[in-house]
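Please look over the sequence and the fold shown below before reading on. The paragraphs after it are meant to be read with the model open.

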Amino acid sequence: MAIGRYTFAGLIDGGVGKSNPRISSKIFLGIMNGAIPFTSRKVELGERLDQIAAKSYGNPDYWWVIAAASGIGWGLQVPRGTIIRIPNDLSTVLNI
């Protein structure tokens, strides 16, 4: 089971839902300031972030890490030619 982007989030709405307390922005800032090593590449025609996560991490559930590192909001499908940043080590990302 993968660690999701809401795993460490606090409950909101009287305990009904969870919030993403800035983990995506922490990942993006870690990429931008050099704290998180990454590999850049272009998205090919027909590729989705979940497929790339499966190849990179062995689990498609980590697509959101690539999206956060790349400054992409929601979307498993990004246009061909989009430059994405793939963090090299998930443990570095998940411990920020």
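What follows goes from the overall fold to the core, then to a helix pair, and ends with the charged side chains.

This is a predicted model, in which local features need pLDDT of at least 70 and side-chain atom pairs count only at pLDDT 80 or more, while totals for chains, interfaces and linings use all residues. Residues are numbered from 1 along each chain as its sequence is written, and side-chain values use heavy atoms, with hydrogens and water left out.

The secondary structure comes to 4 helices and 4 strands, where helices (H or I, at least four residues) and strands (E, at least two) are DSSP runs numbered from the N terminus. Along the sequence these elements follow the pattern β-β-α-β-α-α-β-α. Of the 96 residues in the chain, 34% are buried, a term that means under 20% relative accessible area, with exposed being over 50% and partly exposed in between (1.4 Å probe, protein chains only). If contact is taken as heavy atoms within 4.5 Å, residues 24 or more positions apart account for 60% of the contacts with a separation of 6 or more.

The largest nonpolar core holds 24 residues, and those touching the most other members are L49, Y57, Y62, W64, I66 and I84; such a core is a set of buried Ala, Val, Leu, Ile, Met, Phe, Trp, Tyr and Cys residues joined through side-chain atoms within 4.5 Å. Two or more residues are given to this core by each of α1 (23-32), α2 (49-57), α3 (63-70), β4 (83-87) and α4 (90-94), and α3 provides the largest share, 7 residues.

How much of α3 is buried? The count is 8 of its 8 residues, so α3 is largely enclosed by the rest of the structure. The buried residues of α3 are W63, W64, V65, I66, A67, A68, A69 and S70, and they pack against α1, α2, β4 and α4. Leaving aside neighbours within four places in sequence, I66 is in contact with L49, I52, A53, Y57, I84, R85 and I86. Just after α3, G71 takes a positive phi of about 75°.

The packing of α2 against α3 can be followed in some detail. Their axes are 8 Å apart and meet at an angle of about 105°, the axes being lines fitted to C-alpha atoms over the stretch in contact and the angles running from 0 to 180 degrees between N-to-C directions. The two helices are therefore roughly perpendicular, as angles of 65 to 115 degrees are classed, whereas those under 35 count as roughly parallel, those over 145 as roughly antiparallel and the rest as oblique. The contact is made by L49, D50, I52, A53 and Y57 of α2 and by W63, V65, I66 and A67 of α3.

The structure holds 1 aromatic pair, formed edge-to-face by Y57 and Y62 at 6.2 Å centre to centre with 85° between the planes. Rings of Phe, Tyr and Trp (its six-membered ring) pair if their centres lie within 6.5 Å, and planes under 30 degrees apart count as stacked, over 60 as edge-to-face and the rest as tilted. Y57 is buried at 17% relative accessible area, and Y62 is buried at 9%.

There are 2 salt bridges, each defined by a side-chain nitrogen of Lys or Arg within 4 Å of a carboxyl oxygen of Asp or Glu. One joins E47 and R41 at 2.8 Å, N to O; E47 is buried at 13% relative accessibility, whereas R41 is partly exposed at 27%. In another, R48 meets D50 with the closest N and O atoms 2.9 Å apart; here R48 is partly exposed at 29% and D50 is buried at 14%.
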